[in-house]
Amino acid sequence: IFDRMVGSQAYDISEMSSSEFISMTGAGKCPFVAIPIFPSKAFRHGFICINTNSGIRSAKDLDGTRVGVPLYTQTAAVWVRGHLAEGYGVDLSTIEWIQGAVEKVGTHGTPHALPLLKPANITQNLTGRSLSDLLADGEIDALLGSRLPDSLFDNDQVVRLFPEYRQV
């Protein structure tokens, strides 16, 4: 839905990525009017998963790791990074962001995100495997975004960074 709305204005009204809307508005290139309705109301602390063999025991341990993300510019990923940086002192510039689809091979859609204003160490996942599989096998240390990977439910080495995420 987001790709079609941003790419070709395919609908008269649609849910849209907040981060894309804000980026487009900031660049003076936004043809849309936002209505403040938020269908996804989730505290994002529960959407950070780690491989227990990575040595990560706290959020700060994410410094210098390889972290999977569907899209670096995904709204949920932006929120999670903000929580990590502001609430836990994570140095986001030390992380290698592995970008790709969570449960399938390839990319997460065909986004139309504007260029980043600040450089980030982003690598496209070209392994021929999903981010969920890479996390299960320890090839990435963590995964964050808007959904939980299947490996959380079928691999003992994959757990939530914040097991008590509701309390956090």
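## Strand partners, salt bridges and a surface patch

Biologist: Which residue in β6 is the bridge partner of isoleucine 50?

Modeller: That's valine 159. Before you go further, this is a predicted model, where local features need pLDDT of at least 70, side-chain atom pairs count only at pLDDT 80 or more, and totals for chains, interfaces and linings use all residues. Residues are numbered from 1 along each chain as its sequence is written, and side-chain values use heavy atoms, with hydrogens and water left out.

Biologist: OK. In which sense do β1 and β6 pair?

Modeller: Antiparallel, over three bridges, with β6 covering residues 158-160. Strands here are DSSP runs of E with at least two residues, helices are runs of H or I with at least four, and the numbering goes from the N terminus. Two strands count as paired if DSSP finds at least two bridges between them.

Biologist: How many bridges join β1 to β5?

Modeller: Three, and those two strands run antiparallel. Cysteine 49 is one place to look, with leucine 143 as its bridge partner in β5.

Biologist: Which way do the β1 residues point?

Modeller: Ile48 and Ile50 point one way from β1, while Cys49 and Asn51 point the other way. In a regular strand the side chains alternate between the two faces of the sheet.

Biologist: And are those four buried or exposed?

Modeller: All of them are buried. Buried means under 20% relative accessible area, exposed means over 50%, and partly exposed is in between, using a 1.4 Å probe and protein chains only.

Biologist: Why does glutamine 99 count as buried?

Modeller: Because its relative accessibility is 15%, and the cut-off for buried is under 20%.

Biologist: What does its side chain reach?

Modeller: The side chain of glutamine 99 reaches the backbone nitrogen of tyrosine 72 at 2.8 Å. That's a polar contact: N or O atoms within 3.5 Å, where within protein one must be able to donate a hydrogen and the other to accept it, and residues adjacent in sequence count only if both atoms are side-chain atoms.

Biologist: Which residues does glutamine 99 touch?

Modeller: Leaving out residues up to four places away in sequence, glutamine 99 touches Val69, Pro70, Leu71 and Tyr72, plus Ile122, Thr123, Gln124 and Asn125. Contact means heavy atoms within 4.5 Å.

Biologist: On to charges. How many salt bridges are there in the whole structure?

Modeller: Five. The rule is a side-chain nitrogen of Lys or Arg within 4 Å of a carboxyl oxygen of Asp or Glu.

Biologist: What does arginine 129 pair with?

Modeller: Arginine 129 forms a salt bridge with glutamate 139, with the closest N and O atoms 2.6 Å apart. The pair links distant parts of the chain, 10 residues apart: arginine 129 is in the loop between β4 (122-124) and α4 (131-136), and glutamate 139 is in the loop between α4 and β5 (142-144).

Biologist: What else is in that network with Arg129 and Glu139?

Modeller: Asp137, and the three are linked by salt bridges. Glutamate 139 also touches Arg66 and Leu134, besides Arg129, not counting residues up to four places away in sequence.

Biologist: How exposed is glutamate 139?

Modeller: Partly, with a relative accessible area of 38%. Arginine 129 is partly exposed too, at 23%. Glycine 138 lies in the loop between α4 and β5 as well, and its 41% relative accessibility makes it partly exposed.

Biologist: How far is glycine 138 from threonine 52?

Modeller: Their C-alpha atoms are separated by 8.6 Å, although the two are 86 residues apart along the chain.

Biologist: And which residue does lysine 60 meet in a salt bridge?

Modeller: Aspartate 63, at 2.6 Å, N to O. Lysine 60 is partly exposed at 39%, and aspartate 63 is partly exposed at 25%. Aspartate 150 also forms a salt bridge with arginine 147, the closest N and O atoms being 3.8 Å apart.

Biologist: Last one, which residues form the nonpolar patch on the surface?

Modeller: Ile13, Ile35 and Ile37, with about 360 Å² of accessible area together. Patch members have over 30% relative accessible area and no salt bridge, with like charges joined within 9 Å and nonpolar side chains (Val, Leu, Ile, Met, Phe, Trp, Tyr) within 5 Å. The areas come from the Shrake-Rupley method with a 1.4 Å probe, and for residues only the protein chains shown count as cover.

Biologist: Where is isoleucine 37 found?

Modeller: In the loop between α2 (18-26) and β1 (48-51). Isoleucine 37 is exposed, with a relative accessible area of 61%.
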